[in-house]
Amino acid sequence: MALRTVSALKRGLGGSGLGLLRSGNFLPCAAQHRLEKMPSYIDYPATARRSFSNHRIIVDMDQILGVATIKMKNPPVNSLSLELLTEFLISWEKLENDKSCKGVILTSNYPKIFSAGLDITEMCGKNAAHYTEYWKAVQELWLKLYMSNMVVIAAINGSSPAGGCLLALTSDYRIMADNPKYTIGLNETLLGIVAPFWFKDSLVNTIGNRASEKALQLGLLFPPAEALRIGLVDQTVPEDKMQSTALSVMSQWLKIPDHARQLTKTMMRKPTADLLLKQREADINNFVRFISRDGIQKSLHMYLKALKERKG
């Protein structure tokens, strides 16, 4: 009985608040007080969980809490390959269509690396049609996550350069493992690549114009303490506390009436997303032209060669 009551209260807070406003029925103060005093995470029976996965994405859904955890598993460094992007989008659509899912924790299945970012092999030695398909998938993932009605929390349990940082920037709240060996940032210039305008806008919206200008030009990668200081991440915690902290933060966000939170998120983010939507084809064409240049292809080939030599 207690479990059913908790479940009902959780759904009441995490679900659409519009019905509550229409009916005028709000949670009694005592009930809400008891919910706020609850631990942020309870070990519910296994029957309360639902998992599904494909080759590169693992999803664990807690149907009572209404929270899913997505783990990327594209070895060795969770590069954002076309395959990973496609599987991510399929999994994301499943969660969006699941009315019980109110929040997502995004993390890596591997310690030490969140995501190394865009897959260089997808941008090197291919034809224009492939570059177009790849860039459309990158755009789509950013748009889906950035404008999602679900609460998205990034549990950054390792380094997160370039596209990995962009992925983290789509979230509503970012928690990073407090390990000085890990770094995060948009370091595209170090590879001879220019971060697209919507990468730039995501960073500016998070840390401000001047800090972004410096970080983008120099291709800076920030350790956790510095990322926290400039506001690139919201919290740093020991590595073994990542999941429990993410669940605790999620419980705070899900207490907000869902309709009000969603409308506020849309109000804040829609202008940025609209800029890409209005220029989506032009952005794709610019990317294909840029990445197809002989000089850029040469730089990418040299980078891949250096990576292979380092591994060898």
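Residues are numbered from 1 along each chain as its sequence is written, and side-chain values rest on heavy atoms, with hydrogens and water left out. Because the model is predicted, local features need pLDDT of at least 70 and side-chain atom pairs count only at pLDDT 80 or more, while totals for chains, interfaces and linings use all residues.

Helix α11 covers residues 258–278, 21 residues in total. Helices here are DSSP runs of H or I with at least four residues, strands are runs of E with at least two, and both are numbered from the N terminus. From first C-alpha to last, α11 reaches 28 Å, close to the expected 30 Å; the expected span is 1.5 Å times one less than the number of residues. The helix has a kink of about 50° at Arg269, shortly before Pro271, where the bend is the angle between axes fitted to the seven residues ending at a position and the seven starting there. Arg269 is also among the buried residues of α11, which include Asp258, His259 and Leu276. Buried means under 20% relative accessible area, exposed over 50%, and partly exposed in between, with a 1.4 Å probe and protein chains only.

Turning to the strands, β6, β9 and β11 form an open sheet in that order, with parallel pairing. Strands β6 (112–113) and β11 (184–185) stand at the edges with a single partner each, so one side of each has no neighbour in the sheet. Strand β9 (residues 158–161) is joined to β11 by two bridges, and two strands count as paired if DSSP finds at least two bridges between them. Within this pairing, Pro161 has Gly185 of β11 as its bridge partner. Strand β6 also holds Lys112, a residue other than glycine with a positive phi of about 80°. Lys112 is exposed, at 60% relative accessible area.

The loop between β3 (67–72) and β4 (79–80) contains Pro76, which is joined to Pro75 by a cis peptide bond with omega of about 5°. Asn78 lies in the loop between β3 and β4 as well. Phi of Asn78 is positive, near 55°, although the residue is not a glycine. With 0% relative accessibility, Asn78 is buried.

As for the cysteines, Cys124 is buried at 8% relative accessibility, and Cys165 is buried at 0%. Zero disulfides are found in the whole structure, a disulfide being a pair of cysteine sulfur atoms within 2.5 Å.
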